[in-house]
Amino acid sequence: MTSLQKPYDIIVVGAGHAGCEAALAAARMGCCVLLLAIDLDKVASMPCSPSIGGMAKGQLVKEIDALGGEMAKISDKTAIHYKTLNTKKGPAVRSSRTQNDKARYHMAMKAVIERQPNLDLKQAMVDNLIVEGNKIVGIMDQTGFGFQAKAVILATGTFLSGLIHIGINSIKAGRAGEFASYGLPENLKALGFKLGRMKTGTPPRLKKTTIDFTKFVQQELDPSPIPISFFTETIPLPQVPSYIGYTNKISHGIVRDNLRHSALYGGIIKGISARYCPSFEDKIVKFPNKDRHQIILEPEGLDTDEIYASGLGNSFPMEVQIEFVRSVEGLEDAEIMRPAYAIEYDYVNPIQLKPNLETKLISGLFMAGQINGTSGYEEAAAQGIWAGINAARKIQEMRSFILDRSEAYMGVMIDDLVTRGTREPYRMFTSRAEYRLMLREDNADLRLFEKGYELGLINKDALTDVKTRKRQITKEIERIKGVVIKPSQAANEYLTHRGASLINNGIYLDQLLKRVELDYDAVDHLAKSPAPISPKVAQQVEIEIKYEGYIKRQLKEIDRFKNLERVKVSDNFDFGKVHGLSNELKEKLSSVRPSSLGQASRIDGITPAALSVLMIALKKFET
């Protein structure tokens, strides 16, 4: 093997959303990093929906941003449509989403990477990991050329043994038009990793000028879009609408009549599909009583005619796709610019990883993104920054950076993956986060800026701003709780105007603010703060007062959770010798090797009785 004389601290394999965040984080922490992409023209590509955020995903993007990541910043630079989801629900489940200019997103991220000190970007396909003993020392590409490194992060997306399906035709590819990696998955198997097979897909892209948009409902643009990044001050690109329409009985009949020609139902695809993002064939088979399904037409950019037809994903042959698409009202003359397809790929069951995303088998080898069985740009990017940080800290001989389930959505995701593994593409949901009221989008900076600063990824000015706001929030809450609003004509006129009941006796202002009809505007009208209050501070004050009872309850739950997390499990503790546990539980515990009693409690099959037995055994072991 010929190798480059320049040794690297960290090599990141794959320049998708996980790889980009991993490489940037490690380089910004002072490591010498090499980022390898199969195709430099596809760095930070958006092969599926050109969008960032969404339900629960928006929380991940905000957390990445609060730790010093890049995704939110690039999203704001390239966003052409902003939307806040769940605005009629509580703040715990509100999420931001942007539709992005696909080409601009790639170019903006690539530019950031190319200008980042300590970071080299090169084109290569990795075939082998170079391991000495149980330690990674580098990689070798398909030409036989090697690169040395102290740590390697695999962020390979859907490229491991990637296989695209369009009807009965199968094409070896990591994405449409791109080479797949077949050497690396075989190398991973030879090293002892257990690989599985998953399936995802993407809908057709339609030519804009062949669509009758009058048959669709235009989604209104937000008149005052709010940036996703905490650091964005202006939104540079013009905003464009998307359109909602529906399939019909004719569409469904075409699908039913051609199921045998589908790669999914024709027996060609073996990988596990995502339940929450089904192909159209799945919708028809699993929801036979529905006579229509929603589709959304979203532009792929300002300078292209390609329209992303969300909801029409399928694995039919091209002739069936054309018939199916043209059965939708408004798409009678639609031209397919890129066909829909399904793709199968290999993944490594994440139960083989430590909480820092380092593999248990090989020291210095980390994994992030779809290789860990997840689905989505946001989940990948969150794992990427997590792996990049931890690879850097390992090289710098510092303890691992871990956020627990009470601290961040990404902590929930990583804990789910390494504790339970996954047999289907994992997607983040707000329902997965037990403490979601504490892990809101709006307070990600308050929660994580200090940690980002300690890592060297957030600057001091940003941290100072957050600390100032925290003090202002506390002070304003204390002031509001001490203010009594007495009944007066002016006060009751305001309450009547807001649809709230009148007051006949004095009432503390915080009790008034808890009323569903009122918001912080009531404070400004009834007892304005003597000091200026920014919108960000006002938002936090309102949430903390309105949801005070729920927040106190979650804080108590977090205390109980922390108590279990504090009971650590030694690396040399032998689960096989714990009397009172079934052989199945001993096997699961030995496989996962939980780092704490809390993590052990979340392993499938662990009962309260088993947890008590384990707690007693741990206490005996320590003594």
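This is a predicted model: local features need pLDDT of at least 70, side-chain atom pairs count only at pLDDT 80 or more; totals for chains, interfaces and linings use all residues.
Because E298 belongs to strand β17 (residues 294–299) and R97 to strand β6 (residues 95–100), the pair ties together parts that are 201 residues apart in sequence.

Another salt bridge is formed by E407 and K451, whose closest N and O atoms are 3.4 Å apart. Here, too, distant parts of the chain are linked, as E407 sits in the loop between α9 (377–395) and α10, while K451 is in helix α11, 44 residues apart. K451 has a relative accessibility of 25% and therefore counts as partly exposed.

D604 and R420 meet through their side chains in a salt bridge with an N to O distance of 3.7 Å. D604 lies in the loop between α19 (597–601) and α20 (608–622), and R420 in helix α10, so this contact ties together parts that are 184 residues apart in sequence. Both residues are partly exposed: the relative accessible area of D604 is 45%, and the relative accessibility of R420 is 38%.

The loop between α10 (409–420) and α11 (444–455) contains P425, which counts as buried because its relative accessibility is 2%. The C-alpha atoms of P425 and V592 are separated by 19 Å, and the two residues are 167 residues apart along the chain.

On the surface, a patch of positive charge is made up of K460, K467, K470 and R471. K460, one of its members, lies in helix α12 (residues 460–482), and with a relative accessibility of 57% this lysine counts as exposed.

Helix α13 (residues 489–497) has A491, N492, Y494 and L495 as buried residues. These four are on the same side of α13, because they cover an arc of only 155° around the axis. The face turned away from that buried side carries Q489, A490, T496 and H497, which are exposed.

## Positive phi angles in two loops

A56 has a phi angle near 70°, a positive value in a residue other than glycine. This alanine is found in the loop between β4 (51–53) and α2 (57–66), and its relative accessible area of 0% means that A56 is buried.

N118 likewise has a positive phi, near 75°, and is a residue other than glycine. The loop that holds N118 runs between α4 (102–115) and β7 (119–123). Whereas A56 is buried, N118 counts as partly exposed, at 42% relative accessibility.

Key:
Residues are numbered from 1 along each chain as its sequence is written. Side-chain values use heavy atoms; hydrogens and water are left out. Patches are made of residues with over 30% relative accessible area and no salt bridge: like charges are joined within 9 Å, nonpolar side chains (Val, Leu, Ile, Met, Phe, Trp, Tyr) within 5 Å. Accessible areas come from the Shrake-Rupley method with a 1.4 Å probe; for residues, only the protein chains shown count as cover. A salt bridge is a side-chain nitrogen of Lys or Arg within 4 Å of a carboxyl oxygen of Asp or Glu. Lys and Arg count as positive and Asp and Glu as negative; His and the chain ends are not counted. The place of a charge is taken as NZ of Lys, CZ of Arg, CG of Asp or CD of Glu. Buried means under 20% relative accessible area, exposed over 50%, partly exposed in between (1.4 Å probe, protein chains only). The arc is that of the directions from the helix axis to the C-beta atoms.
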